[in-house]
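Let's walk through this structure together, one piece at a time. Keep the viewer open as you read, so that you can follow along.

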Amino acid sequence: MAGQTKMKLPADTSDTAHIGIGQNPKGKGFAPGGAPEVSLPGAGRAEAGALVEETHEVCPYSNAARGNAGVQLHIV
């Protein structure tokens with residue numbers, strides 16, 4: 001998404017995904033969940049947040065999990 005929006009990412013950009021399994025909010029059993037952490041040094045928090053949200057909307061993994069897994073996006 002950064003390339004499509006012409007945003008230049010710093011060399012020390014990083015992302016880490018924390019994946020787990022927890023209680024299913026829809027009832028019995030368990031459900032997957034994820035908490036990606038994205039670091040965009042030098043980018044403003046609003047700019048970084050907008051990029052991460054936009055990426056989350058088009059990500060094939062996010063689309064596959066949407067409605068089935070809880071995802072909490074974190075800008076660090």
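Begin with strand E1, residues 14-23: the number of buried residues among its ten is zero, so the strand lies largely in the open. Buried here means under 20% relative accessible area, exposed means over 50%, and partly exposed is in between (1.4 Å probe, protein chains only). Strands (E, at least two residues) and helices (H or I, at least four) are DSSP runs, numbered from the N terminus. Please keep in mind that this is a predicted model, in which local features need pLDDT of at least 70 and side-chain atom pairs count only at pLDDT 80 or more, while totals for chains, interfaces and linings use all residues. Residues are numbered from 1 along each chain as its sequence is written, and side-chain values use heavy atoms, with hydrogens and water left out.

The partner of E1 is strand E2, residues 30-39, and the two run antiparallel over ten bridges; strands pair if DSSP finds at least two bridges between them.

Zooming out, the protein chain has two helices and four strands, arranged β-β-α-α-β-β from the N terminus on. Its C-alpha atoms fill a box of roughly 45 × 20 × 20 Å along the principal axes. Of the 76 residues in the chain, 20% are buried.

Now look at helix H1. Its 14 residues reach 20 Å from the first C-alpha to the last, close to the 20 Å expected at 1.5 Å a residue; that expected span is 1.5 Å times one less than the number of residues. Which residues of H1 are buried? They are Ala48, Gly49, Leu51, Val52 and His56. Seen down the helix axis, the buried residues of H1 fall within an arc of 165 degrees, so they line one face; the arc is that of the directions from the helix axis to the C-beta atoms. As a reminder, an α-helix has 3.6 residues a turn, so residues three or four places apart point the same way. The buried residues of H1 pack against E2, helix H2 (60-65), strand E3 (70-71) and strand E4 (74-75), where contact means heavy atoms within 4.5 Å.

This brings us to the largest nonpolar core, with eight residues: Ala2, Met7, Val38, Leu40, Ala48, Leu51, Val52 and Ile75. Such a core is a set of buried Ala, Val, Leu, Ile, Met, Phe, Trp, Tyr and Cys residues joined through side-chain atoms within 4.5 Å. H1 (residues 45-58) supplies the largest share of this core, three residues. Leaving aside neighbours within four places in sequence, isoleucine 75 is in contact with Val38, Arg45, Ala48, Gly49 and Val52.

Finally, visit valine 76, in the segment after E4. Is valine 76 buried or exposed? It is exposed, with a relative accessible area of 57%. Not counting residues up to four places away in sequence, valine 76 touches Glu37, Val38, Ser39 and Leu40. Of these, serine 39 sits in E2 and counts as buried at 16% relative accessibility. Beyond its neighbours within four places in sequence, serine 39 is in contact with Asp12, Thr13, Ser14 and Val76.
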